[in-house]
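Good morning, and thank you for coming. Please look at the sequence and the structure that I am about to show, and keep them in view while I speak.

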Amino acid sequence: MAEKSKREAEQSGTPADGQSEGKIPAESDGGERTRERPVFRPRVDILENDKGLVLTADLPGVDPDNLEVELEKRVLTIRGRVDEEVPEGFGVLYKEYEIGDFERRFTLSGDFDPENVEADLENGVLRLTIPTAPEREAKRIDVKSR
Amino acid sequence: MVARMFYGTDPFSEMRRLQSEMSRLMQASAPLHAPEFPAMNAYANQDGVVLTAELPGVDPERLDIAVHRDTLTLRGERPGEADEAKLHRRERLRGKFLRTLGLPFMVDPEKVEARFENGVLRLTLQRSEEDKPKRIQIGSAGKSQKSKKAESSPKSGKSSKTEGTRRKK
């Protein structure tokens, strides 16, 4: 059926190198940020089933209150703020990873129902269930032949 | 038109490319170790060390943390989506991990504090008492009194245990 909706076109840039460890810096197409800190692209898994899309994203350090998920028209935006500070009275011994916010945008190909998107954040992993728009079935027009 | 001949369509594209190339090189040269999972940050002071690691999706119940002398071992598993035919993207890394980390000093295994919040592990380790540097006092009556005063004033928030052992000496 929805052969098209299978394809998830990223709005910007090259696909993430998913095979190596480490965080992936976000594309800077959204302009400069007001907060002076790095922004990363969360790693995602996307799968499709008969109900719609299931998107899983790694957002370590993002509190549910600091997470924004937006689906406008066909653009899905995920933004997560990370409030992690250096513990008080401690100095940095070494840093193997950078701390920063997460942001990523997808263009969904296919119609989805923005009203019924389910989001669940657990242990730093966001699970989004995006159902296929019900209108798609209704829009079909049968041509009567006499 | 002339500008185009020299710089292509975007005169700044070359500059941007150089810039990103530079930062990539800088980043590549910074950590000398092979990327291991989980990557950890360490913060230290005189009395202890705080370690953090990003472990999204890891079940804290099934995370094995072991501390022995000055070595920390983390063991766990990153779950992944089941293998389904209609998987469009797979970027999240999966599988078992084991990480051993050398600490800058011996730690007290009884005083390890572990917190797991929003997929971030934070370990607070206390330096073991035997490992702490001892201040040696000169045994003249007048001087020892003076140094005692100086000792107690600067860090009032210190644990009473530290103070206790020092006084015993």
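In this predicted model, five strands form an open sheet in the order β8(A)-β1(B)-β2(B)-β8(B)-β7(B), and their pairing is antiparallel. At the edges stand β8 (91–95) of chain A and β7 of chain B, each with a single partner strand, so one side of each is left without a neighbour in the sheet. From one strand to the next, the twist averages 20°. For that angle, axes are lines fitted to C-alpha atoms, for helices over the stretch in contact, and angles run from 0 to 180 degrees between N-to-C directions.

Helices (H or I, at least four residues) and strands (E, at least two) are DSSP runs, numbered from the N terminus. Two strands pair if DSSP finds at least two bridges between them.

The numbering and the selection of features also need a word. Residues are numbered from 1 along each chain as its sequence is written, while chains are lettered from A and ligands numbered from 1 in the order in which they are written. Because the model is predicted, local features need pLDDT of at least 70 and side-chain atom pairs count only at pLDDT 80 or more, whereas totals for chains, interfaces and linings use all residues; side-chain values use heavy atoms, with hydrogens and water left out.

Let me turn to strand β2 of chain B, residues 48–54. With β8(B), β2(B) runs antiparallel and is joined by seven bridges. Within this pairing, E54(B) has V120(B) as its bridge partner, and L51(B) stands opposite L123(B). With β1(B), β2(B) pairs over six bridges, again in the antiparallel sense. β1(B) and β2(B) form a hairpin with two residues between them, and the bridge partner of N45(B) in β2(B) is G48(B).

Is β2(B) mostly covered or mostly open? It is mostly covered, as seven of its seven residues are buried. Buried means under 20% relative accessible area, exposed over 50%, and partly exposed in between, with a 1.4 Å probe and protein chains only. In a regular strand the side chains alternate between the two faces of the sheet. In β2(B), G48(B), V50(B), T52(B) and E54(B) point one way, V49(B), L51(B) and A53(B) point the other way, and all are buried.

Now to chain B as a whole. Chain B has four helices and eight strands, which run α-α-β-β-β-β-β-β-β-β-α-α from the N terminus on. Of its 169 residues, 31% count as buried. Chain B exposes about 11,600 Å², and carbon and sulfur atoms supply 53% of this area. Such accessible areas come from the Shrake-Rupley method with a 1.4 Å probe; for residues, only the protein chains shown count as cover.

In the loop between α2 (13–29) and β1 (40–45) we find P38(B), which a cis peptide bond with omega of about -10° joins to F37(B). R69(B), in the loop between β3 (64–68) and β4 (71–78), is not a glycine, yet its phi is positive, near 50°. N118(B) lies in the loop between β7 (113–117) and β8 (120–126) and also has a positive phi, about 50°, although it is not a glycine. At 22% relative accessibility, N118(B) counts as partly exposed.

How many residues of chain A are in contact with chain B? There are 47, and they touch 44 residues of chain B, where contact means heavy atoms within 4.5 Å. The area buried between chain A and chain B is about 4,000 Å², of which carbon and sulfur atoms give 51%. Buried area is the accessible area (1.4 Å probe) that two parts lose on being put together, summed over both. In chain A, E21(A), E96(A) and Y97(A) lose the most area to chain B, together 18% of what that side buries.

Finally, a word on confidence in chain A. pLDDT is the predictor's confidence in each residue, from 0 to 100. Chain A averages a pLDDT of 80, and 78% of the residues score at least 70. Over residues 1–18 of chain A, however, pLDDT stays under 50, and the model has 46 contacts beyond four places in sequence for this stretch.
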